[in-house]
Every structure is written in C-alpha cells, then in structure tokens.
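Here is a short note for a colleague opening this entry for the first time. Please read it with the structure in view.

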Amino acid sequence: GDAAVVVSPWPVNECSPLVGAKTTSRLDYLLAHDDARSRGADEAILLNTRGMLVEGSGSNLFLVVAGRLSTRALVTELIEVAERDDLTVDDLRLAPEAFLTSTTRGVQPISSVDGEPLRSAPGPLTTAARTALDKLRAATLEP
C-alpha cells in the first residue's frame, strides 16, 4: 500500500565523520522511525542540520520537482534521476509525486506528509520507477 510519512523532529548531522559509513549507529534512525509509528505514520523523513531532506529512516526518498524525479540517494541506474542536496520539506509537501524505496518495500508511493495528503499517489513517474525496479529484480533473481 501507500505510505504516510512524518518529518522527524531530530536532524541528522551531515557534518559527522560517520556520514556515509555503513558502520554508523542506526539508533537515531530507529528513534525517528519509532516516533513516526507513535504518530500513526509508516515512515520518518529525516532532515539534515540545514533543514534539507536526507532520506527516510529505513528507506530512500524520491520526489518530483519541476517535472524531474529528484533524490539524495543514487539508485539512478533505473531511470533518470537528479541527485540534489537542496530539497526542503516544502518541496516534499508540494511534490506532485513522492515515493520511498527500500529492499523490503520496493517502490512505495507516499500518500501523506505530516497528515496532509499528497496530490497523486502513485503518479506516472512513481509507476515507471516501480516497473523499472520490478524488471531489475526479475532479471537478478536466480533461475
């Protein structure tokens, strides 16, 4: 199904020497996720100390800005995506489409942000991403 997301009240420190390290303690992400669940949402969206969008507590975040699919994460092999580090919560709230990706959820459209519904879920770029991911998974599965 679709995902209801809330913006986490705790920023992620983009200046930390551990940023990008796989060894980073995920405790802050777990706390953000638990906070989101306690507020009735499926996922927490994390911001950095500059207030820019980073990712979900257990997923990558994609949104459509000015007709282009944008993200912080590089899963761009599937479809053309612009990687940006200047996306705000307003960009997310005003996005015509937004979705989460992870190994467990695949491509999951975001239906609401902090209780406010998004306009279209899933939209055409979300559907294209889901199709591309399904094809990639089918191609990489063992026969």
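**Notes on the model**

1. Thr126 is buried, at 1% relative accessibility. Buried means under 20% relative accessible area, exposed over 50%, and partly exposed in between (1.4 Å probe, protein chains only). The residue belongs to helix α3 (residues 124–140). Helices (H or I, at least four residues) and strands (E, at least two) are DSSP runs, numbered from the N terminus. Setting aside residues up to four places away in sequence, Thr126 touches Glu97, Ala98, Phe99, Val107 and Pro109. Contact means heavy atoms within 4.5 Å.

2. A word on the basis. This is a predicted model, in which local features need pLDDT of at least 70 and side-chain atom pairs count only at pLDDT 80 or more, while totals for chains, interfaces and linings use all residues. Residues are numbered from 1 along each chain as its sequence is written, and side-chain values use heavy atoms, with hydrogens and water left out.

3. Look next at strand β7 (residues 98–102). Five of its five residues are buried, so β7 is largely enclosed by the rest of the structure. Ala98, Leu100 and Ser102 point one way from the strand; Phe99 and Thr101 point the other way. In a regular strand the side chains alternate between the two faces of the sheet.

4. Which strands pair with β7? Strand β4 (residues 60–65) runs antiparallel to β7, joined by four bridges. β8 also pairs with β7 in the antiparallel sense, over four bridges. Two strands pair if DSSP finds at least two bridges between them. Leu100 in β7 stands opposite Leu61 and opposite Gln108 in β8. A hairpin of three residues links β7 to β8.

5. Asp114 sits in the loop between β8 (106–113) and β9 (116–117). Its phi is near 50°, a positive value in a residue other than glycine. Asp114 is partly exposed, at 31% relative accessibility.

6. Asp86 occupies the loop between β6 (82–83) and α2 (89–94). Asp86 is partly exposed, at 37% relative accessibility. Beyond its neighbours within four places in sequence, Asp86 is in contact with Met52 and Asp91. The C-alpha atoms of Asp86 and Leu53 are 7.3 Å apart, though the two residues are separated by 33 residues along the chain.

7. Is Leu27 buried or exposed? Leu27 is exposed, with a relative accessible area of 51%. Leu27 is found in helix α1 (residues 27–38).
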